[in-house]
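I opened this model to look up a few local features. My entries follow.

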Amino acid sequence: MTTNLVLAPRRRAARPDLLECRLRKYHPRFQPAVRALATQHPRLADLAASFPALLFALAVPRPGLDPARAQTCVLEGASLAEASAAADLPLWVRRLPPEAFVRPIAGLPDGALFRRQIANHLPRLARQASLWLQVVTEVAEIAHEPAAVWIAREMVRKPQSMNPDRLRLVGLWAWFSGQPGTAGHDLIDRPWTPDMRMKAALAAADEWRTVVALHLNLGPRPISDMWLAPGRVGGFDFLPLHSIAAITDEAKTMRNCLNSYGNNLAHDRSRLWSVRCDGKRVATLKVARLPGDPLLNIVELRGAGNAQVSREVWWAARRWLNMHDLPRIDAQQRKWRTVTLDRTTWLSLWRPYWLAKRRIPEWLPIAPSRNALGRL
């Protein structure tokens with residue numbers, strides 16, 4: 001009896017201190033609202049330990065949510081499952097710490113498969129929880145729930161590899177990876193799979209974006225003015241890379257970065273040529289004007305994998321270039337960002353996404369936008 005009399009007051013005294021410790025873990029911006037709700041009733045206060053997300057959702061309801069019904073469930077002693085359902089809050093967020101919530105909770109994924117899988121990939125550290133929740137929510141919205149589970153796993157595995165600025169591109173690429181028959185899917189070389197690591201996914205998404213930019217810059221029609229004419233010199237053939245198909249084939253075979261030249265070509269900053277001998281590709285040639293020189297020059301001449309080429313190839317290339325009346329060639333450069341992206345290609349690429357998501361997000365507008373493309 002003596003022991004119980006001593007411990008009981010300690011437990012009563014410790015409860016306010018424990019509650020205060022838990023409330024302090026919420027974001028400072030929302031602590032007053034959370035604290036005000038928690039002090040209204042002990043059952044509400046208990047949520048700080050049993051279901052921090054539910055306490056936050058009731059104190060800081062998202063637009064359009066009336067928390068009264070869920071709050072009544074809590075006060076009447078209903079189960080946490082009933083209360084969370086009344087708040088339209090997925091039950092899986094019960095295991096997230098108060099630090100996870102830095103904005104009203106909305107748009108969380110909650111499919112059956114997602115609920116089973118996400119429990120294995122929750123953040124290990126409280127300080128990582130808010131970014132983890134943001135990333136998982138955004139990828140679920142941009143792409144789909146399998147991608148959200150995947151990125152949750154990757155964040156837990158290697159949190160330092162996560163760059164939130166890359167989410168839109170990765171999510172868009174992951175979504176189109178599962179959409180065969182669309183223009184966006186057709187441009188993917190390496191599709192998303194749930195067993196990919198983040199580094200490989202980012203590289204594959206970047207490759208896709210580069211090809212997308214090439215198509216948007218050049219459109220379906222070949223470049224009409226290649227400045228120079230095809231020719232054969234010293235056993236080498238000089239053939240124009242004037243279409244997307246020609247450029248992408250050359251890039252793949254020669255293992256170079258030609259796919260990234262869309263913006264450059266659209267603004268008439270250069271032209272690309274393939275050098276071949278007996279039908280075999282031996283070099284890729286870039287022609288452009290150098291600063292202060294009004295005449296065209298060979299500014300790049302590289303073999304496969306950007307290797308150096310022989311003197312014979314260089315000599316043939318210079319002879320081929322100088323066969324032309326260079327002073328008469330008008331290779332005026334256009335100012336950067338003055339050439340619009342191809343509208344037909346833009347609409348063809350993104351329409352399936354807009355229709356599937358039933359919205360046109362501000363970051364992927366209906367009008368072709370270099371700013372939007374650059375932000376991906």
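I looked up Trp227 and found it buried, with a relative accessible area of 11% (buried is under 20%, exposed over 50%, partly exposed in between, with a 1.4 Å probe and protein chains only). The model is predicted, so I note that local features need pLDDT of at least 70 and side-chain atom pairs pLDDT 80 or more, while totals for chains, interfaces and linings use all residues. Residues are numbered from 1 along each chain as its sequence is written, and side-chain values use heavy atoms, without hydrogens and water.

Trp227 is not a glycine, yet its phi is positive, about 70°. I place Trp227 in the loop between helix 12 and strand 1 (231-233); helices (H or I, at least four residues) and strands (E, at least two) are DSSP runs numbered from the N terminus. Asp88, also not a glycine, has a positive phi of about 55° and lies in the loop between helix 6 and helix 7 (112-118).

In helix 5 (residues 68-75) I listed Ala70, Gln71, Cys73 and Val74 as buried. Down the axis these fall within an arc of 155°, so they line one face of the helix (directions run from the helix axis to the C-beta atoms). Gly77, with a positive phi near 80°, follows helix 5.

I then looked for cavities (sets of 1 Å grid points where a 1.4 Å probe fits but cannot get out; lining residues have an atom within 4 Å of a point). The structure holds one of 30 Å³ or more. The largest cavity has a volume of about 40 Å³, and its lining includes Ile151, Arg166 and Leu202.

Key
On a 1 Å grid over the protein atoms alone, a cavity is a set of points where a 1.4 Å probe fits but cannot get out, and a pocket is an open set with protein on both sides within 12 Å along at least five of seven lines; lining residues have an atom within 4 Å of a point. Grid points are joined across faces, edges and corners, and a volume is the space filled by probe spheres set on the points.
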